[in-house]
Amino acid sequence: MIKRTLFFGNPAYLSTKHEQLVIAFTDDKPDKTVPIEDIGMVILENPQITITNGLLAKLNNQKVAVVTCNGQHLPNGLLLPIHGHTEQTERIKHQLNASLPLKKNLWQQTVSAKIQNQACLLEDKGKKINDYNTWPKCKFRGYWQP
């Protein structure tokens, strides 16, 4: 079964109840739950995210990787279970063994997609963009997808 990757970019309180990840938002949104067994990776980008140790323990038991990000929204920490996680180990091995040209190409695609998405967002907000006519048109919900 394909495991889910959860990305948290907004403030939230993450806890556990009945083998579920419970997401309590800081605004008036209702709480959400996700079965922990369905999760493969959790990315914590916002510095205002609170996570309980009980949840971290249950994520580790299910072999879930937890990535934390710094103030510039870049990954700066990785929590992996000590006991074997063959799928994650294989992914890391393939990433480490990737050739330098492939790494550079993937990084170029990532940066290009981020710039395109920012340009599309500005266009949606009615802002003028220089030389935007030479770029591909925004497709998916107003955001460019490669």
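User: How many residues sit between strand 3 and strand 4 in their hairpin?

Analyst: Six residues lie between strand 3 and strand 4 there. Strands (E, at least two residues) and helices (H or I, at least four) are DSSP runs, numbered from the N terminus. The model is predicted, so local features need pLDDT of at least 70 and side-chain atom pairs 80 or more, while totals for chains, interfaces and linings use all residues. Residues count from 1 along each chain as its sequence is written, and side-chain values use heavy atoms, without hydrogens or water.

User: Which way do strand 3 and strand 4 run, and how many bridges join them?

Analyst: Strand 3 and strand 4 (residues 32–35) run antiparallel and are joined by four bridges. Two strands count as paired if DSSP finds at least two bridges between them. Leu21, for instance, has Val34 in strand 4 as its bridge partner.

User: And what about strand 2 and strand 3?

Analyst: Strand 2 (residues 12–17) and strand 3 (residues 20–25) are antiparallel too, with six bridges. Ala12 is placed opposite Phe25 of strand 3. Strand 2 and strand 3 also form a hairpin, with two residues between the strands.

User: Where else does a residue other than glycine have a positive phi?

Analyst: Lys63 has a phi near 60 degrees, and His73 has one near 65 degrees.

User: Switching to the open sheet of four strands: what is its order?

Analyst: The order is 1-5-7-8, and the pairing is mixed.

User: How do strand 1 and strand 5 run relative to each other?

Analyst: They run parallel, and five bridges join strand 1 to strand 5 (residues 39–44). One of the partnered residues is Arg4, whose bridge partner in strand 5 is Ile39.

User: Zooming out, how many helices and strands does the protein chain have?

Analyst: The protein chain has three helices and eight strands. Along the sequence they come in the pattern β-β-β-β-β-β-α-β-β-α-α.

User: How much of the protein chain is buried?

Analyst: Of the 146 residues in the protein chain, 29% are buried.

User: And what share of the contacts is between residues 24 or more positions apart?

Analyst: Among contacts in the protein chain with a separation of 6 or more, residues 24 or more positions apart account for 41%. A contact here means heavy atoms within 4.5 Å.

Technical notes: Buried means under 20% relative accessible area, exposed over 50%, partly exposed in between (1.4 Å probe, protein chains only).
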